[in-house]
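Below are my notes on this model, as numbered points.

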Amino acid sequence: LVERLRSLGAQNIGVGVGISTQEHVSEVLDYADAAIVGTALVKSLGQDGIESLGELASLLSQGKENKE
């Protein structure tokens with residue numbers, strides 16, 4: 001799908017289905033411009049509070065850092 005969107009002229013493509021680990025983020029960034037995380041962050045906030053949310057966000061961002 002990402003290749004098809006690029007062939008149609010899309011420039012900044014984000015993928016965001018089922019992303020919940022830094023490995024998922026890293027994998028998605030192999031072919032897309034952004035990894036969109038939603039459900040995993042909401043679950044973390046609801047189950048364990050704001051501190052846990054921050055920790056998960058930090059962990060997930062390491063998937064991006066591995067690409068730089």
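1. Contact of α3 with α4. A40, L41, S44, L45 and D48 in α3 meet I50, S52, L53, L56, A57 and L60 in α4, where contact means heavy atoms within 4.5 Å. The residues of this contact divide into 8 nonpolar, 2 polar and 1 charged. In that count, Ala, Val, Leu, Ile, Met, Phe, Trp, Tyr, Cys and Pro are nonpolar, Asp, Glu, Lys and Arg are charged, and the others, Gly among them, are polar.

2. Basis of the values. This is a predicted model, in which local features need pLDDT of at least 70 and side-chain atom pairs count only at pLDDT 80 or more, while totals for chains, interfaces and linings use all residues. Residues are numbered from 1 along each chain as its sequence is written, and side-chain values use heavy atoms, with hydrogens and water left out.

3. Geometry of the pair. α3 and helix α4 (residues 50–65) pack at an angle of about 150 degrees, and their axes are 7 Å apart. Axes are lines fitted to C-alpha atoms, for helices over the stretch in contact, and angles run from 0 to 180 degrees between N-to-C directions. α3 and α4 are therefore roughly antiparallel (angles over 145 degrees). Their crossing is right-handed, that is, the near helix is turned clockwise from the far one by less than a right angle.

4. T39. This residue is found in helix α3 (residues 39–48). T39 is exposed, with a relative accessible area of 55%; exposed means over 50%, buried under 20% and partly exposed in between (1.4 Å probe, protein chains only). The C-alpha atoms of T39 and G16 are 9.6 Å apart, and the two residues are separated by 23 residues along the chain.

5. Salt bridge. The count comes to 1 salt bridge, defined as a side-chain nitrogen of Lys or Arg within 4 Å of a carboxyl oxygen of Asp or Glu. R6 pairs with D33, with 3.2 Å between the closest N and O atoms. R6 lies in helix α1 (residues 2–7) and D33 in the loop between α2 (22–28) and β2 (34–35), so the pair ties together parts that are 27 residues apart in sequence. R6 is partly exposed at 32% relative accessible area, and D33 is partly exposed at 39%.

6. Whole chain. The chain has 4 helices and 2 strands, in the order α-β-α-β-α-α from the N terminus. Helices (H or I, at least four residues) and strands (E, at least two) are DSSP runs, numbered from the N terminus. Of the 68 residues, 26% count as buried.

Conventions. Angles under 35 degrees count as roughly parallel, over 145 as roughly antiparallel, 65 to 115 as roughly perpendicular and the rest as oblique.
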